[in-house]
Amino acid sequence: MKAVYISKPGGPEMLEIREVPAPVPGHGEVLIDVVAAGVNRADVHQRKGFYPPPPGVSEIPGLEVSGRIAGFGTGVTKPFSIGDKVVALLAGGGYAQQVAVRSEQVVRIPDGVDLVTAAALPEVAATVYSNLIMTAQLQAGETVLVHGATGGIGTMAIQFAKAIGATVAATAGTDEKVGTAKAFLGADIAINYAEENFAESLRAQNGGKGADVILDVVGAKYLQQNVDALADYGRLIVIGLQGGAKGELDLGQLLRKRAAVVATALRPRPVEEKGVIMTAVRDAVWPLIADGRIHPLVDKTFPLDEVRAAHEYFDSGEHVGKILLVI
């Protein structure tokens, strides 16, 4: 089969297509003929040498795919049939024509979504649901602040939080993206972080109240401003380190607010946890997609052979929503 490998750490030019043996599904695994794969920031970090796959995981990048069930290993108990249209959450291996993955991490695609577009869903839906609901316990009527409004996670987080009745604030780096966050995605408050202090702007536009939950992909660069932006009993959930890993934290400020800072990652979680998350996504998020309250947002698709161009486009930061590789 064709698959993408990283010849050595670096830019998109380090991605190359190779002919490699197709995977053989092991115990508890299903084999998927891949139709499309999502491009995520984790793939970019892996390409640069900053985020190696967990031990025992394929070196092929790619954390989410859509496709059709093509075969089974032993011990698969989920009621799948050959040809079922599914999506899968992966620890790696998605940039390929086939992938073998534990059945716990596989669910059928939502009603009303085509098989290519479905590849935009598993990683972002699992990330958003596991962090906003399972970790932060976001409730209707609370305020959530989402950083990176127009990225894959941001576009899903804004729509999901609105769908469950939260007040949604979001940050973006240009006026155009700020406009997209409000007019297209439905954010109640949108802030240009390049021009405003987002903590001050949030309170000014939210009746003096900070955020009950913050979903942060930036990390150290935003740490102090995030803590400033938290409401009493607020929960800061750090899921990315685009702005660095080390920052100074004012514990006194956290104590006064009775607030919490939690850092999570999806990729290294054990299969059992990923299975619980994907089942919850199927039960709680898929119906919101089927009834139109959440729209999967795909910016652009590229053939697998143009994986370098896909990464160049991702690196440009111009995309709104997801970038997909079509196999």
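Reply: Start with Arg18, which counts as partly exposed at 32% relative accessibility; buried means under 20% relative accessible area, exposed means over 50%, and partly exposed lies in between, with a 1.4 Å probe and protein chains only. This is a predicted model, where local features need pLDDT of at least 70 and side-chain atom pairs count only at pLDDT 80 or more, while totals for chains, interfaces and linings use all residues. Residues are numbered from 1 along each chain as its sequence is written, and side-chain values use heavy atoms, with hydrogens and water left out.

The partner of Arg18 is Glu16, and the closest N and O atoms of this salt bridge are 2.7 Å apart. A salt bridge here is a side-chain nitrogen of Lys or Arg within 4 Å of a carboxyl oxygen of Asp or Glu. Glu16 is also partly exposed, with a relative accessible area of 27%. In general, side chains of opposite charge can pair when their charged atoms come close.

Another of them joins Glu142 to Arg235, at 3.0 Å from N to O. This pair links distant parts of the chain, 93 residues apart: Glu142 is in the loop between helix H2 (122–135) and strand S8 (143–146), and Arg235 is in strand S12 (residues 230–238). Helices (H or I, at least four residues) and strands (E, at least two) are DSSP runs, numbered from the N terminus. Glu142 counts as buried because its relative accessible area is 17%, and Arg235 is buried with a relative accessibility of 17%. A further salt bridge is that of Glu273 with Arg269, whose closest N and O atoms are 3.6 Å apart. Glu273 is partly exposed, at 37%.

Strand S12 also holds Tyr233. Its phi is near 65°, a positive value in a residue other than glycine. As background, most residues other than glycine have a negative phi, and most peptide bonds are trans. Tyr233 counts as exposed, at 53% relative accessibility. Arg258 has a positive phi as well, near 50°. Arg258 sits in the loop between helix H7 (251–257) and strand S13 (260–263), and Arg258 is partly exposed at 42%.

Next comes a buried loop residue. Ser103 lies between strand S6 (98–102) and strand S7 (106–108), in the loop that joins them. Ser103 counts as buried because its relative accessibility is 4%. Apart from neighbours within four places in sequence, Ser103 is in contact (heavy atoms within 4.5 Å) with Gly28, Glu29, Val30, Val76, Lys78 and Phe80.

Strand S6 also belongs to the second largest pocket, where S6 gives the largest share of the lining, five residues. This pocket holds about 450 Å³ of space. Of its 28 lining residues, Val57, Ser58, Ala91, Gly92 and Ala100 are the closest to its centre. S6 and helix H8 (271–284) each supply at least two lining residues. By class, the lining has 17 nonpolar, six polar and five charged residues. Ala, Val, Leu, Ile, Met, Phe, Trp, Tyr, Cys and Pro count as nonpolar, Asp, Glu, Lys and Arg as charged, and the others, Gly among them, as polar.

On a 1 Å grid over the protein atoms alone, a cavity is a set of points where a 1.4 Å probe fits but cannot get out, while a pocket is an open set with protein on both sides within 12 Å along at least five of seven lines; lining residues have an atom within 4 Å of a point. Points are joined across faces, edges and corners, and a volume is the space filled by probe spheres set on them. The count is one cavity of 30 Å³ or more, and the largest cavity has a volume of about 60 Å³. Its lining includes Ala120, Leu121, Val124, His295 and Lys322. Helix H3 (residues 152–163) contributes the largest share, four residues. The lining has six nonpolar, four polar and one charged residues.

Gly317 follows H10, with a positive phi near 75°.
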